[in-house]
There are 2 protein chains.
Amino acid sequence: MIPAVPQHTPSTLLHPPGTIQASELNNHSLEPCFSKARNSFDYLEGLLTADSHVKLVVAMVGLPARGKSYIVKKLKRYLSWLGIHVKIFNVGNKRRVLTSTETPVTNGVQSNQNKDSSSKILHSSSFFDNSNEAAASLRENVAMEVLDDAILWLKGDGQVAIHDATNSTILRRKKIINRIMKEQNVSLLFIESICDNPSLIDSNIQMKLFSPDYTGVDPETALNDFRLRLKSYEDCYEPLGDYEESRKIQYCKLINVGSKIILSNINGFLESQCTFYLTNMNLYPRVIYITRHGQSTDNIAKRIGGNASLSELGVEYSKALANFISNHQPAFYSHVSESKLKSSPISSSLNLSSQVTNGDIQDKPLELLNNNFEIWTSMLTRTVETAHFFRSSNVKIKKYSALNELYSGLCEGMKYSEIKELFPTDFATRTKDKLQTRYPGTNGESYLDVVHRLQHIIIELERINKSVLLISHNAVSRTLLSYFMDISIEKMPFLNVPLGTVFACIPRPFGNDVFAYKWDPETQCFNEIDKSILFEGI
Amino acid sequence: MIPAVPQHTPSTLLHPPGTIQASELNNHSLEPCFSKARNSFDYLEGLLTADSHVKLVVAMVGLPARGKSYIVKKLKRYLSWLGIHVKIFNVGNKRRVLTSTETPVTNGVQSNQNKDSSSKILHSSSFFDNSNEAAASLRENVAMEVLDDAILWLKGDGQVAIHDATNSTILRRKKIINRIMKEQNVSLLFIESICDNPSLIDSNIQMKLFSPDYTGVDPETALNDFRLRLKSYEDCYEPLGDYEESRKIQYCKLINVGSKIILSNINGFLESQCTFYLTNMNLYPRVIYITRHGQSTDNIAKRIGGNASLSELGVEYSKALANFISNHQPAFYSHVSESKLKSSPISSSLNLSSQVTNGDIQDKPLELLNNNFEIWTSMLTRTVETAHFFRSSNVKIKKYSALNELYSGLCEGMKYSEIKELFPTDFATRTKDKLQTRYPGTNGESYLDVVHRLQHIIIELERINKSVLLISHNAVSRTLLSYFMDISIEKMPFLNVPLGTVFACIPRPFGNDVFAYKWDPETQCFNEIDKSILFEGI
């Protein structure tokens, strides 16, 4: 049955002339209610649309192997997810590209490595030796060329350019400051990563073995060479401090992955958002599970929105879900502690599927879920009910309205066929631009609106050190998965997130490992499936 | 005309049994959609309701006259506005109460003050002299007694206790840490205020003349005595640092009112929120104007919500508003620069009403509005139209959906009489508890929901250094004014914010000066009225 639409609401949508002196209002003020999110100043966009002349260079500072890449990738992923045009400008890559066909600039400096092996090193430690003036000059030039590239990109539609380099001396940073001061409306934020935790540094150094500089070089030679390179940097390293403070330069210093943070002169909106995000991160091992609620009666009736209860099948899913998670969680944490014993945090796979999907569904008690686990649902009945079978455990279940489904305004509770019939123009607009188009009616939302209200859920997920099961909805799951899997915002509204599927996201040094599990109603088991199911039909 | 309500929506509200196996779901899971905000984990409440066992002591650290009180009051106002039970426990007040009837503990130490006058000082600098062991012991005892009071209060319904004292030595802080470690589930956050800006310190010292310690003492004597007291503190001051860091104690160090910030080991949700708030403050002189949109056609029809356009009267208000602000803003900034020349930032009144309300409404061009001014509206037509007459200037106009009116869900566009008829139970519930009760229908909001979505508007208002005119709605204006005027959250939903009224909030060292102006449609002038109009009818 097609619901009756309150009669006066559509008419106010069309702005009846009423008593308005239309001649006094120009067309700009008569904006349609059914608006594009990006035409608004909605939260973040306050800066990004009207203040689109504000452009930001984030220049990294720090010794090699101090986690700069971790921060750069995380920040890029977060800002991209928010719909900001962000790009990483890596100086090391440019150096390698520029010099790959040239003779290495060794300047006669000998390193104490095996010569045969070191000759394979694109830029051996002698290239980074402070007495090698030719190489130093080349490195300076490359760094500034990359900054020029970044500024050129910002003059187009770029918004945040990340200058990914060590920028470890005041002289270098002075050049960066002077270059940016030549530009109107380009802001600068330095982000420094300092790490004095030996085991973190060691694990970062291990990862350097995979650097293109060491392709085909035996690990021991590469490690020795890298330690020499590090020594050259350490000898002349000047951390952010008085020089920048006296010039009122914005900076953020992250010490040991956020256990200590120093913010200086932060005054921009985007800079404040970036630093708030970075101050809320941690490295605890945990799993972020993302699933939709069990099937609801509205799912059967093919109605969107609303606040229906679960169907019988939905209740079955809820039961199986509690069982699956209460097997998966202990398996994950025992796997983590084994990995720690083996001291192989990087190479060990965290794929637990074989351990957890085929167990007898009744044999693991919920009590195995410990204090490291929480469930977050939306405020809507179907997600609250999906968490029902966890209630016998002591698991904390939290409800957030930020996890509610994309609000379809006047179309709540309708079928797509009804929307097409009642709001043909709106339907067509949304089909063309699903990301930005809001549903008709006050507070009707677009995907971009959902991104913005999920921003603080993401920051909270980054802050806490527990595993979380997020039971939410189709659009919300798409949006969350886009963040964790670094999927472009344009694809976000089209991801395929079927009912009865759990995505397990495991934070790793360079992104998240993601595993997908599909519930089989016949066996009540969850079987691992390829996560590329997300892109089916796109 | 009473709008027809979509037939299936109310039925889903009542959770039709459908195919659910009701026996499998206990009553807890069948929560009504028309819920109380405080029963949810909505954003901040995630910590405050379910995690209500989490209690926080914020212990201040810093020399006298370094802006601790400024921070304490601001933080208390913000947290109270969020609905958190917060209380300041001031050690100086307790010291004065405890010792007011006793002989001063001077221990024979002589100060070099005028004896007649200094004898009036409740606790002269000799009381704070480090060699005065009896007094030192008394001060330590008082500080710990006040902490005991705070912890006792937290064991009741208190949530955040602010220990307002200098806590300037490691020995004192060690005692605080040890005392709090005895309690289960009480967290500790140190907030230190450091200031090395001489003019800021001087202006803070000037304010100390109004301390109860110096009642009836001539200013020069008081100042000399206070400087001696300060010297005693400076001699043994130990800033937050290695001691706290090695013990993983959470701290936030604010240097020169947030121009530099050091965060260490911050890991709690509330602690992260507090520090994010405090890192976004500034001392720039500016005015935050708060007004509702001009009269809309729905106002005439007495319908709530919706998205109507302005009435003829509403258009007139928009015109007059542009004129008023373009007179008030330049007057404010010229007043500020005069005050600076006179070096009397504290005593000078910022009441500009006589200068700005009686000018000829056409004689000041909008161009007088400079880069120090922005307008923020909601996404709704009536607020966007109210900003219309600023368009001829270069003023930046931003639209935020966070400023939209409290969303009345299924009641959007209805008259109160209709709501009472169609949703009698909901209407009664809301009448009883207007703060927490949500309107029926998906995404229907309560005042507490509005507080939470305005949280980031408040932080953005604290961050930027410009004047802002907020053109929004009844509930939103009530909520914003509660923040700026430190009005209790219980009164918030009942404040009287009539159409055609502008509230001008001017940040001051200890809160905001607020002026109210009422538009007179006859003369087109804005006349200053008593701001107590807000409490009419409460």
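A residue is called buried when its relative accessible area is under 20%, exposed when it is over 50%, and partly exposed in between, with a 1.4 Å probe and protein chains only as cover. Helices (H or I, at least four residues) and strands (E, at least two) are DSSP runs, numbered from the N terminus. The model is predicted, so that local features need pLDDT of at least 70 and side-chain atom pairs count only at pLDDT 80 or more, whereas totals for chains, interfaces and linings use all residues. Residues are numbered from 1 along each chain as its sequence is written, chains are lettered from A and ligands numbered from 1 in the order in which they are written, and side-chain values use heavy atoms, with hydrogens and water left out.

Chain A contains 19 helices and 13 strands. Of its 538 residues, 62% count as buried. A contact means heavy atoms within 4.5 Å; among the contacts in chain A with a separation of 6 or more, 73% are between residues 24 or more positions apart. The chain exposes about 21,200 Å², of which carbon and sulfur atoms supply 52%; accessible areas come from the Shrake-Rupley method with a 1.4 Å probe, and for residues only the protein chains shown count as cover.

Helix α8 of chain A, residues 198-208, illustrates burial: A:Leu200, A:Ile201, A:Ser203, A:Asn204, A:Ile205 and A:Met207 are buried there. The cover of these buried residues of α8(A) includes α9 (219-235) of chain A. A:Phe494, by contrast, is partly exposed, with a relative accessible area of 40%. It lies in the loop between α19 (474-485) and β11 (501-508) of chain A.

In chain B, strand β5 (residues 250-255) has six of its six residues buried, and it is therefore largely enclosed by the rest of the structure. On one side B:Gln250, B:Cys252 and B:Leu254 are buried, and on the other B:Tyr251, B:Lys253 and B:Ile255, so that both faces of β5(B) are covered. Two strands pair if DSSP finds at least two bridges between them. Strand β4 of chain B, residues 186-194, pairs with β5(B) in the parallel sense over six bridges, and B:Lys253 is the partner of B:Glu192. Strand β6 of chain B, residues 260-264, runs antiparallel to β5(B) and is joined to it by five bridges; here B:Ile262 is the partner of B:Lys253.

The hairpin of β5(B) and β6(B) has four residues between the strands. B:Asn256, in the loop between β5 and β6 of chain B, has a positive phi of about 50° although it is not a glycine. B:Val257 lies in the loop between β5 and β6 of chain B and has a positive phi of about 45°, although it is not a glycine.

A nonpolar core is a set of buried Ala, Val, Leu, Ile, Met, Phe, Trp, Tyr and Cys residues joined through side-chain atoms within 4.5 Å. The largest has 146 residues, and those with the most contacts inside it are A:Leu79, A:Ile191, B:Leu79 and B:Ile191. Apart from it lies another core of 70 residues, among them A:Ala135, A:Tyr233, A:Tyr237 and B:Val61.
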